[in-house]
Amino acid sequence: MWKWGFLLLPCLTLSAEPLRAVVSQTNTAPYAIFDQHQQLAGGVAKELLDTLAAGLKRPVLYLDLPRGRVVEWLVTDRADISCFLNPEWVPATYKLSWTPVLFHTRQYIVRRIEDSPVRSNQDLFRKRIGTTRGFSYPELQSLFDTQAAVRDDAESLEKNIQRLEQGRIDVVMTVDLSYGHYQRQFDTSKLAVDPLWAEPAAVYCALNPKNAVLVQQIQQQLDLMQQQGVMKKALQRWDHSKP
């Protein structure tokens with residue numbers, strides 16, 4: 001089942017076609033923040049997409065889809081854009097159009113403070129790794145494929161951290177911005193963080209390839225927003241990470 005919220009931005013005509021934007025609840029805070037009614041209420045995604053839609057002079061139709069259905073909806077013209085993705089993280093990436101890089105993100109491995117640091121795949125042998133349902137982890141996939149480590153999905157970073165503290169999993173995978181936001185809300189004094197040894201990952205938006213005109217308009221508007229520092233300022237507002 002998918003949920004949607006409709007937002008009319010100021011000075012837009014009701015006849016304008018909405019920008020159909022996928023923002024899933026699997027996008028952890030502060031990328032996406034949902035209220036008690038499961039509606040998108042804030043976060044980096046909302047700032048980015050609200051600004052993009054205003055520049056396109058369109059309203060926004062937000063779609064909360066399971067991550068595994070994002071590509072299907074884009075390639076079948078049921079959605080226009082989904083952000084915070086990378087071509088290596090999604091299937092059939094060649095079927096999609098892609099924006100330029102929005103920013104880079106560092107992946108973190110969270111562990112209990114008394115456990116040994118994790119500096120390579122070898123340190124994850126025979127570990128149960130807390131991952132987010134629907135997310136891809138290319139750097140760890142060989143461990144999962146060979147059953148050298150166990151992938152153990154949960155629906156949120158919060159639930160993964162709870163399971164880590166309870167001893168049900170050994171480590172948790174997350175990213176810098178999400179863990180920094182978590183630190184602002186909860187006591188993390190019993191936890192330690194090791195940056196993943198891979199280079200920071202590039203983050204893009206995936207676009208519906210069926211509408212070439214809209215793809216071009218989105219690309220142009222995002223280029224303008226990058227020049228204006230919109231993404232950089234949004235990330236700075238939400239960046240509370242402490243490596």
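**Stop 1: the largest pocket**

Start at the largest pocket, with a volume of about 310 Å³. A pocket here is an open set of points on a 1 Å grid over the protein atoms alone, with protein on both sides within 12 Å along at least five of seven lines, and lining residues have an atom within 4 Å of a point. The volume is the space filled by probe spheres set on the points, which are joined across faces, edges and corners. This is a predicted model: local features need pLDDT of at least 70 and side-chain atom pairs pLDDT 80 or more, while totals for chains, interfaces and linings use all residues. Residues are numbered from 1 along each chain as its sequence is written, and side-chain values use heavy atoms, without hydrogens and water.

Select Gln25, Ala32, Ile33, Phe34 and Glu158, which lie nearest the pocket centre among its 14 lining residues. Strand E3 (33-34) and helix H5 (176-185) each give at least two residues to this lining. Helices (H or I, at least four residues) and strands (E, at least two) are DSSP runs, numbered from the N terminus.

**Stop 2: the largest cavity**

Which residues lie closest to the centre of the largest cavity? The cavity itself has a volume of about 350 Å³, and of its 23 lining residues, Thr28, Tyr31, Trp89, Phe135 and Val175 are the closest to the centre. A cavity is a set of grid points where a 1.4 Å probe fits but cannot get out. Now colour strand E8 (103-105), helix H4 (157-165) and strand E12 (171-175), each of which supplies at least two lining residues. The largest share, three residues, comes from E12. The lining divides into eleven nonpolar, ten polar and two charged residues, where Ala, Val, Leu, Ile, Met, Phe, Trp, Tyr, Cys and Pro count as nonpolar, Asp, Glu, Lys and Arg as charged, and the others, Gly among them, as polar.

**Stop 3: rings**

Rings of Phe, Tyr and Trp (its six-membered ring) pair if their centres lie within 6.5 Å; planes under 30 degrees apart are stacked, over 60 edge-to-face, and the rest tilted. Tyr31 sits in the loop between E2 and E3 and Phe84 in strand E6, 53 residues apart. Both Tyr31 and Phe84 are buried, meaning under 20% relative accessible area with a 1.4 Å probe and protein chains only (exposed is over 50%, partly exposed in between).

Next, show Tyr108, Tyr179, Tyr182 and Phe186, a cluster linked by ring pairs.

**Stop 4**

Select strand E6 (residues 81-85), where five of five residues are buried. E6 pairs in the parallel sense with strand E2 (residues 19-22) over two bridges, and Ala21 stands opposite Ile81. Strands pair if DSSP finds at least two bridges between them. E6 also pairs in the antiparallel sense with strand E14 (residues 201-207) over four bridges, with Leu207 as the E14 partner of Ile81.

Finish on E14: seven of its seven residues are buried, so the strand is largely enclosed by the rest of the structure. Ala201, Val203, Cys205 and Leu207 point one way, and Ala202, Tyr204 and Ala206 the other. Three bridges join E14 to E8 in antiparallel fashion, and His104 stands opposite Ala202.
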